[in-house]
2 protein chains.
Amino acid sequence: MTSETIEDWRRQIDEIDRKLLELFNERSRCAMQIGRLKRALGLPVYQPEREREILENAERLNQGPLDDTAIRRLFERVLDEARSLERLAVAHDGPAAEAPASAPTGTRKTR
Amino acid sequence: MTSETIEDWRRQIDEIDRKLLELFNERSRCAMQIGRLKRALGLPVYQPEREREILENAERLNQGPLDDTAIRRLFERVLDEARSLERLAVAHDGPAAEAPASAPTGTRKTR
């Protein structure tokens, strides 16, 4: 009976993971659009003050149970992937000073 | 005008990040419940076959634009945090074979 309950929580987690997957990809589509606009405007992909803002917002709004350092680690990963995709968006639109065509996969972190 | 559009995409990202934050924490509450149940049943916190299932589900359902390796990196981070919290849940309930009281913070990865 208790092991059924573990299954119940796991089904909830599977449902959450489907939403996370959708949001990760939705967020990436936004990041790619921003990458294209930055390129059109000649702006750098990496804007540290915006990344700082994102991390600060996440920590400020965090109500747990994850602590702020865990939230920061999660959003740092999200930001890493967004940055890679923005670079890819820039590179796909043609050569740009900041992101040569070979850079996006090369700059991706492997764990 | 174009820089306003960057702002529009950023507002969308902020909205997505609020949902991500909520889901990360909701997922963690589920993981803590599972941690407590595992302890009651004498099961180990780390169950590699379940983690593999989670990663496989994410990759199977992924429709991009993030590629499967990016999705895997994101969910590996999510799993790392879940494992830490499960251990914490186990430790808070009292001493357990797998997770001494000092383990949870000590095993947390710093980046």
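What rotation superposes chain A on chain B, and with how much shift along its axis? In this predicted model, the superposition of chain A on chain B takes a rotation of 180 degrees, with 0.0 Å of shift along the axis and an RMSD of 0.0 Å. The two copies are therefore related as by a two-fold rotation axis. Among the residues of chain A, the closest approach to this axis is made by A:Leu20, whose C-alpha lies at 3.4 Å.

The interface between the chains was described next. Contacts link 58 residues of chain A with 58 residues of chain B. Because 100% of the interface residues of chain A are also interface residues in chain B, the copies meet through the same surface. About 5600 Å² is buried between chain A and chain B, and carbon and sulfur atoms give 69% of this area.

On the side of chain A that touches chain B, two or more residues come from each of helix H1 (2–41), helix H2 (48–61) and helix H3 (68–92) of chain A. The most is given by H1(A), with 30 residues. Sorted by class, this side of chain A holds 26 nonpolar, 19 charged and 13 polar residues. The salt bridges between chain A and chain B number 6. In a salt bridge between B:Arg27 and A:Asp17, the closest N and O atoms are 2.7 Å apart.

Over all chains, the count of salt bridges comes to 28. One of the salt bridges is formed by the side chains of A:Arg83 and A:Asp80, with an N to O distance of 3.3 Å. Both A:Arg83 and A:Asp80 belong to helix H3 of chain A, where they are 3 residues apart, about one turn of the helix.

In one of the pairs, the ring centres of A:Phe24 and B:Phe75 are 5.6 Å apart and the ring planes stand at 80 degrees, so the arrangement is edge-to-face. This pair crosses between chains: A:Phe24 is in helix H1 of chain A, and B:Phe75 is in helix H3 (residues 68–92) of chain B.

The backbone was examined for cis peptide bonds. In chain A, the bond from A:Gly64 to A:Pro65 is cis, with omega near 10 degrees. A:Pro65 is located in the loop between H2 and H3 of chain A. In chain B, B:Gly64 and B:Pro65 are joined by a cis peptide bond, for which omega is about 10 degrees. The position of B:Pro65 is in the loop between helix H2 (48–61) and H3 of chain B.

Terms used
Residues are numbered from 1 along each chain as its sequence is written. Chains are lettered from A and ligands numbered from 1 in the order in which they are written. This is a predicted model: local features need pLDDT of at least 70, side-chain atom pairs count only at pLDDT 80 or more; totals for chains, interfaces and linings use all residues. Side-chain values use heavy atoms; hydrogens and water are left out. Contact means heavy atoms within 4.5 Å. Buried area is the accessible area (1.4 Å probe) that two parts lose on being put together, summed over both. A salt bridge is a side-chain nitrogen of Lys or Arg within 4 Å of a carboxyl oxygen of Asp or Glu. Helices (H or I, at least four residues) and strands (E, at least two) are DSSP runs, numbered from the N terminus. Ala, Val, Leu, Ile, Met, Phe, Trp, Tyr, Cys and Pro count as nonpolar, Asp, Glu, Lys and Arg as charged, and the others, Gly among them, as polar. Copies are superposed by least squares on the C-alpha atoms of residues with pLDDT of at least 70 in both. Rings of Phe, Tyr and Trp (its six-membered ring) pair if their centres lie within 6.5 Å; planes under 30 degrees apart count as stacked, over 60 as edge-to-face and the rest as tilted.
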